[in-house]
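Please look over the local packing in the protein shown here.

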Amino acid sequence: MSTFTTRPEITGSFGVVTSTHWIASAVGMSILEKGGNAFDAAVATGLVLQVLEPHLNGPAGDLPVIFHNAQQNETKVLCAQGPAPAGATIARYKAEGLDLIPGNGLLATVIPGAFDGWMLMLRDHGTLSLRDVLEPAIYYAEKGQPMLRGAAAAIAGLEDFFEAEWPTSHETWLPGGRAPEAGEMFRNPVLAETWTRLLKEAEGATGRERQIDAARDCFYRGFIAEEIGRFLETTEVMDGSGSRHKGVLTADDLASYSAAYEDPLTDDYHDWTIAKTGPWGQGPVMLQSLALLRGFDIAGMDPAGPEFVHHVAEAMKLAYADREVYYGDPNFVDVPMSRLLSEEYNSGRRSLISDKASFDLRPGTLPGFEDQVSRNMAVIERAGVANAGLYEPTMAHLSERRGDTVHLDIIDRWGNMVSATPSGGWLQSSPVIPALGLCLNSRAQMFWLEEGLPSSLEPGKRPRTTLTPSLAFQEGRPTLAFGTPGGDQQDQWQLSLFLRLVHHGLNLQEAIDMPLFHTTHFPTSFHPRQRQPGHLMAEGNFSAETIDALRAHGHLIDVSGNWTVGRLTAARREADGTLRAGATPRLMQAYAVGR
């Protein structure tokens, strides 16, 4: 008898697209139908997601991508995570009276990387024109798109703040002075004009690649950069610190920026190899968690049972503790990833996992890193603990917040694979730049304002982001692209999905539908950087017996509502060319399509 799933697992041979919004998935599929490849489809999908989910990402946000180019037989990371501006020094922020970077406002802004990342991937790996991939975003910004419930709630909750402190945001998100209702058609005509002007200027160049490079110039060295610079020169706004501040980002910062390709960080787990970003993102925690779990019989555990949840949660506590004291931009700091992934290291760490939930934050201390670990732990202790409400970034104190990011996975008929997790520049992050119809990002909040830490603020340094797409190989063959929004929860939910696929014979939709959980045991990456020792959020879909058994293990269980945790999507290519895709039913908006 087949297992009931909330949606069918999509199967086909031509192409599959799955993303966190049904319209975006349809747009991506339309690009494949037009003859484009997975890279073309990813760019169009990503650009339209900025319009469809403005409370979760925007044009001036951040972007990591992991992709496999079938023709070149090459797997790469595209890093479009912008670094800190030249003026972003600890001394400057301390002079503003800050001990932590606010979770919103202009001081929280780094160089926006997403647009350059999309354009670089389109130029080097796509086949279609700039117009082909940009027109859907222009259409929905100009003609309107149905406002999501979460976006409507976020805007309504910020109405008074916007009116009092961010009037340009009030004008954009509450047109006519009224918050939009869920399902109401919503337009951003100024953003449509921005993209239309960029397209017109770019098409003044001759040839596909030159037009794409001209679009990059428009954003980073042309009229968009000029408007961003002009706005920041004269604008001082209220932020989460409770005070008004100007930003430090300038047009010169944008002019020198370019997204870049990197090799992924990989590790093996049984007959699989998982590819993640480097330690400038949190992606390696999934590899570290898997390295710990290699020593347990995960296949012998009920994938919705207490032993599975307990062992996975305890492994993640250890891996994320290491994230806190070791991870940072490897262009600036020495991150000992090979040692952190070694069996010698993990065999010792594995012994820390008992049948009782840990309440201690226990990073490993590698030789030569003793002072670094000690200094990081002192900062974490000063940030303190919280009783509730963690892992809800940006304006949680003012408005309902669910999620902070979007995701897409695409595989085409040629075997190209793209997994991307765009984020930042959401409507809660900073005031709208009125001439452009877009907001800047708030990723700088992930830096510490303490000298000498791996994630200390420095000009030109990438923040240690939470954005973490995934690509996995089975027996050396590119097989699986997957990911989710969710800040610090991203690799937690992805880990459960991956283990259930590897060990329990589930199809993509069955694995995505299973109940999810995450721990808030370690510090949040977002302001105010606190943690909840021993805490475990478990979805209401778990059985009462499982919840009771987890409490017996000592976990502080917070049971959420049914179907409320995680926004996973995934796409898979079998050895015979069969394509598969699935998307979460949670929030009732993610969708997988294909044929």
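This is a predicted model: local features need pLDDT of at least 70, side-chain atom pairs count only at pLDDT 80 or more; totals for chains, interfaces and linings use all residues.

## Helix 1

Helix 1 runs over residues 22–33. Its 12 residues should span 16 Å at 1.5 Å a residue, and its end C-alpha atoms are 16 Å apart, so the two values agree. Gly-35 follows the helix, with a positive phi near 105 degrees.

Ile-23, Ala-24, Ser-25, Val-27, Gly-28, Met-29, Ile-31 and Leu-32 of helix 1 are buried. Their cover includes helix 2 (38–52) and helix 5 (130–143). Strands contribute too, among them strand 2 (15–19), strand 5 (145–146), strand 12 (408–412) and strand 21 (591–594).

## Met-147

Met-147 sits in the loop between strand 5 and helix 6 (149–157). Its relative accessibility is 3%, so Met-147 counts as buried; the cut-off is under 20%.

Beyond its neighbours within four places in sequence, Met-147 contacts Ala-152, Ile-155, Pro-180, Glu-181, Ala-182, Gly-183, Glu-184 and Phe-186. Val-16 lies 131 residues away along the chain, and its C-alpha atom is 25 Å from that of Met-147.

## Helices 13 and 14

Helix 13 (residues 284–293) packs on helix 14 (residues 306–326) at about 130 degrees, with the axes 8 Å apart. Helix 13 is therefore oblique to helix 14. Their crossing is right-handed.

Helix 13 makes the contact through Val-285, Gln-288, Ser-289, Leu-292 and Leu-293. Helix 14 supplies His-311, Val-312, Ala-315, Met-316, Leu-318, Ala-319, Tyr-320, Asp-322 and Arg-323. By class, the contact residues are nine nonpolar, three polar and two charged.

Terms used:
Residues are numbered from 1 along each chain as its sequence is written. Side-chain values use heavy atoms; hydrogens and water are left out. Axes are lines fitted to C-alpha atoms, for helices over the stretch in contact, and angles run from 0 to 180 degrees between N-to-C directions. Helices (H or I, at least four residues) and strands (E, at least two) are DSSP runs, numbered from the N terminus. Angles under 35 degrees count as roughly parallel, over 145 as roughly antiparallel, 65 to 115 as roughly perpendicular and the rest as oblique. A crossing is left-handed if the near helix is turned anticlockwise from the far one by less than a right angle, and right-handed if clockwise. Contact means heavy atoms within 4.5 Å. Ala, Val, Leu, Ile, Met, Phe, Trp, Tyr, Cys and Pro count as nonpolar, Asp, Glu, Lys and Arg as charged, and the others, Gly among them, as polar. The expected span of a helix is 1.5 Å times one less than its number of residues. Buried means under 20% relative accessible area, exposed over 50%, partly exposed in between (1.4 Å probe, protein chains only).
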